[in-house]
Amino acid sequence: MERLIKKYSKKLVEHGLCNEGSPLIGGLEVELIWNKKDPSRKILEKVINSLNITSILFAEPAEPYFSILNYLSFKANELTIHPKDCETRTFLHDIPVSLKFEANSIIKILKNRKSVIIPKHGIITIGTISPEQTFIVYSSVCFALFVKFFDDYYYSITSNNINEQQKTIFNQTIDYYKNFISKIKKVSSTNNISLKKEDEVIKSIIKTGKLTVDCLMVDSFFGNISYKLKKSIYISQTGSSLDELIGCIDKCPINQSSCAAITASSEFSAHKDIYLNTKNKAILHGHPKFCVIMSLLCRKNNCKFKGQCHIKCPEKRYAKDIPIVSGEVGTGIFGLYRTLPPAIKNKRGVIVYGHGLFIADKYSLENTFNNLIDIETMCLNLYLEKVKENNAI
Amino acid sequence: MFGWTGKILCLDLSKKQYTTLTPNQNIYDEYIGGRGLAGYYLKEVIKEPWDSEKMRLLFFTGPLTDTPSPTSGRMTIMSRSPLTGTLCDSSVGGTLGGQIKKAGWDGLIITGKSQNMIGIEIIDSSINFIDASNLKGSTISEVISKFEKNSSTAIIGPAAENGVLFSNIVLDSHHFAGRGGLGLVMANKNIKYIKVKGTGKTSVFDINELRKAREKIFRLTAASPILLGELGISNYGTGALYDLMDSRNMMPTDNFKATKFNYAPKLNAYQYKNKYEPKKTGCPGCHILCKKIGKNNEILPEFETMSHFTALIGNKDLDTVVKANNICNEMGMDTISAAATLACYSEIKEKIITKGKVLSLLYDIALSKGIGKELKLGSYRYAELKGQEEAAMTVKKQELPAYDPRGAYGMALSYATSTRSGCHLRAYPISHEILRKPVATDRFTFNGKARIIKISEDLNAVIDSLTTCKFLFFAATLEEYAQVFYAVTGIKTTAQDLLKKGERIYYNEYTMNALNGFTSKDNDLPKRFFKNPGTSTIESKIKPLKRKDFLKCLKDYYKIRGLDKNGLPTKKETEKLGIEWKD
Ligand SMILES: [Zn+2]
């Protein structure tokens with residue numbers, strides 16, 4: 001427990017989600033242990049002792065998340081925020097707000113949700129099994145709030161209803177993000193030679209996975225990565241962190257003669273169909289923020305699928321050369337394994353509505369990584385252009 | 001009343017009479033239904049021997065049964081186990097639960113003993129005791145062939161009639177209430193079958209709200225590779241786990257002397273799929289459909305059966321597994337205990353059981369013939385009889401399922417703490433130790449497992465009481481089911497409030513076992529797991545469990561569960577949970 005608490009309080013800082021010293025994590029085995037002394041412990045102790053859980057996390061998020069959190073939670077109706085991204089829809093359902101940093105109000109909310117945000121204080125998340133859950137949920141909440149802010153911002157611009165606070169946060173965040181993305185180093189070219197040996201493949205997956213996380217192109221443990229070698233797909237396991245893939249890569253025979261890869265990523269079917277129908281050998285999937293934001297920007301009025309964009313969007317939408325398709329996680333009737341593989345033919349990548357970016361390459365994972373950075377930069381610029389266009393009107 | 005019917009049917013077979021019980025709402029509030037409610041009513045007689053006239057055999061549905069809630073087509077059957085002496089319950093699928101609800105009952109409480117063998121036929125509130133002497137000795141399908149198609153039934157086979165301590169009750173034709181010998185309790189009451197038909201409908205408080213919750217649950221299950229992924233249990237049945245257990249070196253082999261079976265890759269779910277071209281089937285109201293029926297209507301084995309009828313007994317033949325499964329099903333006995341008893345027999349006799357012998361021994365057990373007279377008592381009593389107790393791989397006399405605890409330490413603890421004796425389903429730590437849900441935990445440590453197991457036990461107690469399916473919780477959580485519960489019953493609740501009820505239900509089960517003298521010394525594993533390693537490969541090393549760590553973890557568990565150091569309930573905790581208990 002102690003090890004996990006340390007690990008995730010460190011990870012929150014490394015991922016740019018919290019400032020050094022901010023995360024307070026408590027873990028309950030027989031006794032309750034904390035990673036540090038903190039005046040908030042009294043309230044959180046009451047919370048953890050009132051719930052049947054093993055871990056709790058409280059932290060003020062780093063900027064720009066904290067400003068965004070404060071802005072969105074102060075204007076929330078019914079004290080609940082409803083982001084439209086896929087992680088919220090699937091796993092969080094919504095993000096509740098407690099106006100008071102007070103045990104009873106927090107307990108009431110956490111009895112039925114994994115997180116609560118408290119304006120001017122931060123985010124509290126809980127885990128039933130491990131502190132890892134508190135980290136994952138925390139990260140998802142930050143991601144969802146970020147995406148929602150920019151989606152809302154575009155809406156405010158187009159409806160001519162923008163306020164000063166929004167503008168300030170917008171400018172600060174865009175500066176921050178431009179600076180951040182320009183600093184990401186691409187991988188030097190790999191001469192477009194595909195890999196021939198299993199250990200090369202595994203090494204390459206581990207390395208590219210770590211790169212993707214290190215440059216913050218995927219939040220929490222979402223995202224997946226694979227490579228096809230001979231008659232097998234090597235793919236990251238479900239719920240694995242892309243930066244910790246040692247021992248978490250499943251080898252799946254393409255003819256499915258073994259179910260040992262039942263633990264493979266939920267997007268295994270999508271990866272497999274891409275390999276079966278194209279000449280690609282490498283696939284990388286992450287959640288770059290502006291790819292996700294761009295996919296949400298459709299303000300078509302009178303669309304009969306309004307509110308169902310994530311499953312039923314009938315439009316052929318693009319961000320420049322990158323198609324945007326609907327589809328949910330996994331293999332349901334609206335699963336992205338139906339929409340993604342046909343759309344990615346002869347394309348560098350595809351964005352799935354509200355969810356993230358899939359990139360495929362004929363040779364190497366390094367190429368997919370470089371394309372990830374290119375496409376995210378492109379989406380950021382596209383977003384800024386759209387904002388500018390509408391601002392001018 | 002929404003969700004529940006508010007009525008329980010009490011049948012006294014000695015008098016051939018029946019009455020109606022209408023529990024107070026607070027009993028429903030505290031014990032929900034299914035396993036919780038059945039436990040509440042079992043406790044009143046738990047000190048009776050399993051074969052006493054006063055002993056109850058309980059069939060209980062939950063508030064979600066017979067509603068459009070996902071995977072709600074389940075119910076609980078409960079009594080005291082002839083095999084173990086602890087309580088024994090089984091969450092079972094099929095159509096019976098739905099029909100009991102439609103007939104207007106939340107559950108059946110059966111007491112007494114009939115003089116002659118009978119069938120109980122229930123159509124709504126009309127109850128008939130039918131002489132069934134002519135069905136004595138009939139197999140499950142012979143009994144079913146006497147009924148109109150698609151009848152909802154609970155039947156015992158010859159195994160129960162012949163005193164097999166691990167005999168089952170079979171629902172419809174292929175859902176099994178297994179493990180501790182519920183079939184024998186039913187046989188002792190002289191009931192061959194129960195048939196129920198209902199014409200009513202369970203009322204739902206807010207169907208729109210239910211639709212919203214369903215959508216969330218479907219989205220989560222679609223995102224789960226284990227449930228609906230191409231390699232998952234919807235496509236391959238629970239047998240999808242077979243390769244995984246092999247690759248993790250935790251497949252119990254040669255009566256738990258090893259943990260890897262070299263022939264496993266040729267005996268996996270893929271081989272069954274090729275050979276038997278199975279179609280999907282399952283419980284009503286389920287979209288996962290994990291049961292597999294072959295092209296010639298063979299009922300294909302579940303994971304535990306696949307594993308124990310191959311690796312545990314050294315059998316390399318696929319067909320033999322299917323045939324053995326079929327014999328157990330037709331005779332009505334538990335496949336885990338049957339295979340494990342054969343493995344124990346093989347170890348004691350120091351001989352390999354040939355494939356033909358596997359089948360003939362199963363018949364001997366079910367018909368109580370020859371060596372079957374000893375083996376029908378299960379591996380614990382058989383080994384005791386032969387003076388070789390260490391060959392019985394049991395916890396509280398119940399044979400262990402197909403997850404070697406040396407490969408998953410949470411499983412080791414949960415085998416010991418399970419209130420229905422050696423069982424994997426009370427906490428199902430495979431979920432996080434192997435399947436990585438909701439997140440992965442380190443399978444080779446006891447650290448942190450005490451509380452995780454306690455919480456999981458509470459969770460599964462809720463699941464079995466609502467009732468719904470454990471598998472679904474690889475993906476869904478009580479957050480979504482709190483919404484389902486509200487939509488069905490109209491009673492607002494939260495995930496944590498439900499979990500609190502689960503805690504009460506589980507603790508109540510501890511009090512029942514304590515009343516029958518079970519203490520900490522019974523919460524232990526066979527010595528083999530502490531003495532001998534499993535099979536190691538480069539990928540994973542399977543070492544013996546460290547006894548000191550295991551005992552420390554058990555001690556932590558007692559503290560967290562609110563039991564004293566002897567594993568017994570305390571006044572303080574029972575008062576807190578509102579459970580009856582005298583120190
Ligand atoms: Zn994703």
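Chain A of this predicted model is assigned two domains: domain 1 (2–159) and domain 2 (198–389). Their centres, taken over C-alpha atoms, lie 26 Å apart. The contact joins 25 residues of domain 1 of chain A to 27 residues of domain 2 of chain A. Together the two domains of chain A bury about 2400 Å², and 65% of that area is on carbon and sulfur atoms. On the domain 1 side, the residues that lose the most area to domain 2 of chain A are A:His15, A:Phe143 and A:Tyr154. These three make up 24% of what that side buries.

Polar links also cross this domain interface. The rule finds 3 salt bridges between domain 1 and domain 2 of chain A. The side chains of A:Lys7 and A:Glu244 form a salt bridge, at 2.7 Å from N to O. Polar contacts between the two domains of chain A number 7 residue pairs, both residues at pLDDT 80 or more. Helix 1 (2–14), helix 4 (86–92) and helix 6 (131–158) of chain A are the elements giving two or more residues to the domain 1 side. Helix 6 of chain A gives the most to that side, with 14 residues. By class, the domain 1 side that touches domain 2 of chain A has 13 nonpolar, 3 polar and 9 charged residues.

The next interface is between the chains. The size of an interface is often given as the accessible area lost when the parts come together. Chain B and chain A bury about 4200 Å² between them, with 56% of it on carbon and sulfur atoms. Each chain's share of the contact is 50 residues from chain B and 50 residues from chain A. B:Arg219, B:Leu231 and B:Arg436 supply 18% of the area that chain B buries against chain A, more than any other three residues.

Across the interface of chain B and chain A the count of salt bridges is 5. B:Glu479 pairs with A:Lys114 in a salt bridge, with the closest N and O atoms 3.0 Å apart. Polar contact links 26 residue pairs between chain B and chain A, both residues at pLDDT 80 or more. Several helices of chain B give two or more residues to the side that touches chain A, among them helix 7 (207–222), helix 20 (449–466), helix 21 (478–489) and helix 22 (495–515). The residues of that side of chain B divide into 23 nonpolar, 11 polar and 16 charged.

| Interface | Buried area | Share on carbon and sulfur atoms |
|---|---|---|
| Domain 1 of chain A and domain 2 of chain A | about 2400 Å² | 65% |
| Chain B and chain A | about 4200 Å² | 56% |

B:Thr67 sits in the loop between strand 3 (57–60) and strand 4 (75–80) of chain B. Its relative accessible area is 9%, so B:Thr67 counts as buried. The side chain of B:Thr67 makes a polar contact with the side chain of B:Ser69, at 2.5 Å. Leaving aside residues up to four places away in sequence, B:Thr67 touches B:Ser72, B:Thr202, B:Val204 and B:Val488.

B:Glu347 belongs to helix 14 (residues 335–349) of chain B. B:Glu347 is buried because its relative accessible area is 16%, and the cut-off for buried is under 20%. Beyond residues up to four places away in sequence, B:Glu347 touches B:Asn255, B:Lys257, B:Ala391 and B:Arg528.

Key: Residues numbered from 1 in each chain as written. Chains lettered and ligands numbered in written order. Predicted model: local features only at pLDDT ≥ 70, side-chain atom pairs only at ≥ 80, totals over all residues. Heavy atoms only, no water. Helix = DSSP H or I, 4+ residues; strand = E, 2+ residues; numbered from the N terminus. Buried < 20%, exposed > 50% of the residue type's maximum accessible area, 1.4 Å probe, protein only. Polar contact = N/O pair within 3.5 Å; in protein donor to acceptor, adjacent residues only side chain to side chain. Contact = heavy atoms within 4.5 Å. Domains from an automatic or database assignment. Buried area = accessible area lost by both parts, 1.4 Å probe. Salt bridge = Lys/Arg side-chain N within 4 Å of Asp/Glu carboxyl O. Nonpolar A, V, L, I, M, F, W, Y, C, P; charged D, E, K, R; others polar.
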